[in-house]
Amino acid sequence: MSAPSGDPSLSDLLNAAVGAVGGTERPGQTAMAGAVAEAIADGTHLLAQAGTGTGKSLGYLVPALAQGERVVVATATLALQRQLVERDLPRLTDALHPLLRRRPEFATLKGRSNYLCLHRLHEGVPSDDEDALFDPLEAAAEAGSGPSSKLGKDLLRMRDWADETETGDRDALTPGVSDRAWSQVSVSSRECLGATRCAYGQECFAEAARERAKLSDVIVTNHALLAIDALEGAPVLPEHEVLIVDEAHELVSRVTGVATGELSPGGVSRAVRRSSKLIDEKAADQLVVAGEEFERVMELALPGRLEEIPEELAHALALLRDAARAAVTELGGSRDASTSDEDAVRRQARASIETVHDVAERVLAGSEYDVVWYERHDRYGASLRVAPLNVSQQLGEKLFAERSVVLTSATLKLGGDFHGVAASVGLRREAILPESGGADSGPPPAAEPSESGTEAAELPRWRGLDVGSPFDYRKQGILYVARTLSPPGREGDRGDMLDELAGLIEAAGGRTLGLFSSMRGARAAAEAMRGRLDVPVLLQGEDTLGELIRAFADDEATCLFGTLSLWQGVDVPGPACQLVVMDRVPFPRPDDPLMSARQRAVEKAGGNGFMAVAATHAALLMAQGAGRLVRATGDRGVVAVLDPRVATARYGSFLRASMPDFWFTADGAVVRRSLAAINTSADAGG
């Protein structure tokens, strides 16, 4: 995919692209495009912080396409994937076609389970009677009436949709369906029969997506598929020379999620039922006994990390591993099945029991690089989980080895520099390159041997670049820390915090996005404000997130309270959001097994575990939360942190430095007057 000779300048290409989307030239976008082009040309890597409104998608797409290399763009959210595929890329390819003298092609590629499986849809779920959810559907269809359950209605709707859709992509189904409904019409890669053995192989949506990706210049995917491609050793993405990771602040958590294994009594029971029907009686009996023993042990499981595997659990897991291995061996004969239906039943059984085997074996291996813990859900009971202590080494070895990588987000500088985020993805301080047009401040440290003796010159080389924002944060926003409030504790009513919150909302005339560190805190605040104030207060969980955000945006007097997804998922420019409130610093729970294990590992290595893990986690969320306030050049308002530790604790300056550069104050009276003035101006249309 080499670029033709006589390429137009990057400036010409960027101007054409910006004009095509109806935008204007932005210095930050220009700086980013230049840095991306330099990284690709040098074979190095770039961490680019680009604030809201920079136009970062064109800032990385234009130079990547100009190089003539195949590009993979990995994003964390559906919203950005849709923006790229439905808006940015169509306009961009049209605009660049005359200048490049070629029309770049683009495609979307996701994991197989994101696509409707025609075999599963038409042949049904190959499982035992207890799992067969849609038996009543056949009778309902024959009688000429639809099923009464929502699950049945969704299945009928998906059958109709299958005749209309060109992609079979779950995200294109509107309205969407539950995970339970979708599981009836999709398969994992392990369950798939393969295009050559499946009766519907020629029409397969997942295979068609893969073929389109192979022929495309730009492939838009998600962080999960990127993680599978990087970590599991079996490439699922086409070969590519450039990787762009957008929303890169989410990458480590998404990779950790992909690398996490889980065993629950319900999941093990389903795997045992599916497999025991298809193997000989002796192996089936062993499998059933092993499943029952695991279930018995899990009945007594209490939440928390397992520093060592208890003897009873180890015995149950060993039984499960050995019985599952024997079942997998017998089920391996599925390739000799006489029909695709029979093959599908065996493939599903093999896939589920392989997962049981792999997780049991992983836990029993007791790797020092894994964390094992029990979780307990009120509805689903206990489960056993295992996750990597750290993913930085795997990412450092797999992500940056054979391609240029650009990681970009509005929040990559935490505490004022890129080193924390860089370390989390496996980039070392020793390998930072000298500044280039505003790159990360400070000269690189002298080359030092790494822990394994690798010299800095052999490490992935990278730069950090903050291209700023088109917004004037110091004029558009105030950061208020309520210094005089009592510090939040693990328990107890924060009456003074609720008083402060009510005063701020009243001054703002509603218009408040409340970001809480727990659902319990959000509910308590919503109940209190509904009793005190004459403004509507919406609460996460009382409707779909999309509906809540639309209602919040449509009525300026409305408040919206919620937890994690609101810290990162709300984009409401204009007067509807003039006050963003954080109830407390969102540190991870002290009893979070994975976070606490990571913190102790840093301390054991001589580092500051609290700053590297807990404070960095909080800083990232606070940076994202504060970013909800200013979404357009005309936005004005206040970010209020109702936790005095942000002003008084030693780590407070680190947290403040991670947020946009708002004007800072601890004077509540000044803030309330400012909110009232902004409110009056908004009501007057000013």
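Ala526 is buried, with a relative accessible area of 0%; buried means under 20% relative accessible area, exposed over 50%, and partly exposed in between (1.4 Å probe, protein chains only). This is a predicted model, in which local features need pLDDT of at least 70 and side-chain atom pairs count only at pLDDT 80 or more, while totals for chains, interfaces and linings use all residues. Residues are numbered from 1 along each chain as its sequence is written, and side-chain values use heavy atoms, with hydrogens and water left out. Let's start with Ala526 and then look around the rest of the chain.

**Ala526 and its helix**

- Ala526 sits in helix H20, which spans residues 519–532; helices (H or I, at least four residues) and strands (E, at least two) are DSSP runs, numbered from the N terminus.
- Leaving out residues up to four places away in sequence, Ala526 touches Val537, Leu539 and Phe561, where contact means heavy atoms within 4.5 Å.
- Ala526 and Cys559 are 33 residues apart in sequence, and their C-alpha atoms are 9.1 Å apart in space.
- Helix H20 has 14 residues and reaches 20 Å from its first C-alpha to its last, close to the 20 Å expected at 1.5 Å a residue (the expected span is 1.5 Å times one less than the number of residues).
- Which residues of H20 are buried? They are Ala522, Ala525, Ala526, Ala528 and Met529.
- These buried residues of H20 pack against helix H19 (495–508), strand S14 (537–539) and strand S15 (559–562).

**The chain as a whole**

- The protein chain has 27 helices and 18 strands.
- Of its 686 residues, 50% count as buried.
- Among contacts in the chain with a separation of 6 or more, 76% are between residues 24 or more positions apart.

**The seven-stranded sheet**

- Seven strands make an open sheet in the order S3-S4-S2-S5-S10-S1-S11, with parallel pairing; two strands pair if DSSP finds at least two bridges between them.
- Strands S3 and S11 (462–466) stand at the edges with a single partner strand each, so one side of each has no neighbour in the sheet.
- On average, neighbouring strands of this sheet are turned by 15° against each other, direction ignored (axes are lines fitted to C-alpha atoms, for helices over the stretch in contact, and angles run from 0 to 180 degrees between N-to-C directions).
- Strand S1 (residues 45–49) runs parallel to S11 and is joined to it by five bridges, and Leu46 has Arg463 as its bridge partner in S11.
- S1 also pairs with S10 in the parallel sense, over four bridges, with Ser409 of S10 as the bridge partner of Gln49.
- Strand S5 (residues 242–246) is joined to S10 by five bridges, again in parallel; here Val245 is partnered by Leu407 of S10.
- Six of the six residues of strand S10 (residues 404–409) are buried, so this strand is largely enclosed by the rest of the structure.
- Both faces of S10 are covered, with Ser404, Val406 and Thr408 buried on one side and Val405, Leu407 and Ser409 buried on the other.

**The four-stranded sheet**

- Another open sheet has four strands in the order S6-S9-S8-S7, and its pairing is antiparallel.
- Strands S6 (261–263) and S7 (304–305) are at the edges, each with a single partner strand, so one side of each is left without a neighbour in the sheet.
- Eight bridges join the antiparallel strands S8 (residues 370–377) and S9 (residues 381–388), and Trp373 has Arg385 as its bridge partner in S9.

**Nonpolar cores**

- The largest nonpolar core has 95 residues, and Leu47, Leu116, Leu407, Leu513, Met582, Met622 and Leu655 touch the most other members; such a core is a set of buried Ala, Val, Leu, Ile, Met, Phe, Trp, Tyr and Cys residues joined through side-chain atoms within 4.5 Å.
- Helix H24 (residues 609–626) gives the most to this core, with seven residues.
- Another core, of 35 residues, lies apart from it and includes Val36, Ala39, Ala48 and Leu92.

**Helix H9 and its buried face**

- Helix H9 (residues 205–214) has Phe205, Ala206, Ala209 and Ala213 as its buried residues.
- Seen down the axis of H9, its buried residues fall within an arc of 100°, so they line one face of the helix (the arc is that of the directions from the helix axis to the C-beta atoms).
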